[in-house]
Every structure is written in C-alpha cells, then in structure tokens.
Amino acid sequence: MWENAAAEPIEPPAAHPEQELRMSGVDWLRVNLQRVFALPTPAVDWLLMLYVAIQVFDDFSYGDPVEREDLNAVIWNTLVGMNQNTFWLSNSNNLAPLVATMILKWQASDQAERAGKADARSFVWRAGYYDVVLMVVALCHGTQRATADASSVLGLYGEKFEDYMKEFSHA
C-alpha cells in the first residue's frame, strides 16, 4: 500500500491563518504521523509524548511560562507513560541512542545560543526530534519507505532558519 509512495506532509496550521478554527501544532503533528506516515497508534502516542516533553523542557529552559497542567502531563509521561508504551518497549534498543543523541545535540545548540554563537549548525542540531521520527518510520515500514519519506519528515520541521536567527539578532 505505502511501500513506494513518498509522503507529503499536510501544511502546518500557520500556513492558513485565515481559518477560524485551526488545529494545534500537536494535533497537526498527530494527523501527519497517522495519515501521511501511516504510523501505528502506539508509535504516534510515544512520538507525541516525546515532542510535548521537548517543548515543555525548552520553554522551561528559556524561562518561558509553562502551564502547571502541561508540566504535570510531562512529568507523568516522561517517568511513566513513555516507558510503558508498547512501541517503546519493542524498540527501545534502537530508539534510546537516538533520544540520547537528540538531547546532547539540543544541549550543544543551547550552549551555542547562550554564548551568542547561534548559527546554521545550532539550528540544525535543535531538530534532532525529526531524526527520531525518521527512525520510527524505518522501524514501522522499513528503510526503503523511510528513504522515500525522509524529505517529508524533514518537512515536518516548522521553524524557518531566518526566524530562528531573528531570536538572537537582538542579543
């Protein structure tokens, strides 16, 4: 069914500001993971728990406000939910090194940003989550499908380099 079909991500919610009812970034990501990449529900659930945790940790690290409800959900998901997820349990040997690398890359990017050295490399290293998504596609559908869908996985990354650099232009 999907073996030779390259995926095309659905446009992000911000692409249609004229729409009164827009889906959240998490809902948009869920739709893409389910419909475009045809990932099984446990894989989607695990990826979304990881994504939300990353967003909350990133906000917290910059001193941005974090809602108590979001923090409570991340505490539960990172300490319990993600570890009990059936997709994680079946694939943790492949995923744990990628998650560890994603964290190390984010920390290196964060250090560069705080030192006033944000550049294209730090921008790319912030996006380690999508390395994990690509591996999940490979684990679920094989490397041929992952290769065909790789550029579409890259298309999930919503931040533009120019916008990233604007965050640091005032520093």
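**Salt bridges in the predicted model**

The structure contains seven salt bridges, a salt bridge being a side-chain nitrogen of Lys or Arg within 4 Å of a carboxyl oxygen of Asp or Glu. The model is predicted, so that local features need pLDDT of at least 70 and side-chain atom pairs count only at pLDDT 80 or more, while totals for chains, interfaces and linings use all residues. Residues are numbered from 1 along each chain as its sequence is written, and side-chain values use heavy atoms, with hydrogens and water left out.

One of these contacts links the side chains of Arg114 and Asp110, with an N to O distance of 2.9 Å. Both residues belong to helix 4 (residues 86-114), where a spacing of four residues separates them by about one helical turn; helices (H or I, at least four residues) are DSSP runs, numbered from the N terminus. Asp110 is buried at a relative accessible area of 10%, where buried denotes under 20% relative accessible area and exposed over 50% (1.4 Å probe, protein chains only).

A salt bridge also joins the side chains of Arg126 and Glu113 (3.1 Å, N to O). Arg126 is located in the loop between helix 5 (120-125) and helix 6 (129-141), whereas Glu113 is part of helix 4, so the pair ties together parts that are 13 residues apart in sequence. Both partners are buried: Arg126 has a relative accessibility of 18%, and Glu113 has a relative accessible area of 6%. Through salt bridges with shared partners, Asp58, Glu113 and Arg126 form one network.

Arg121 and Asp119 form a further side-chain salt bridge, at 2.5 Å from N to O. Arg121 is exposed, its relative accessible area being 63%.

Conventions:
Helix = DSSP H or I, 4+ residues; strand = E, 2+ residues; numbered from the N terminus.
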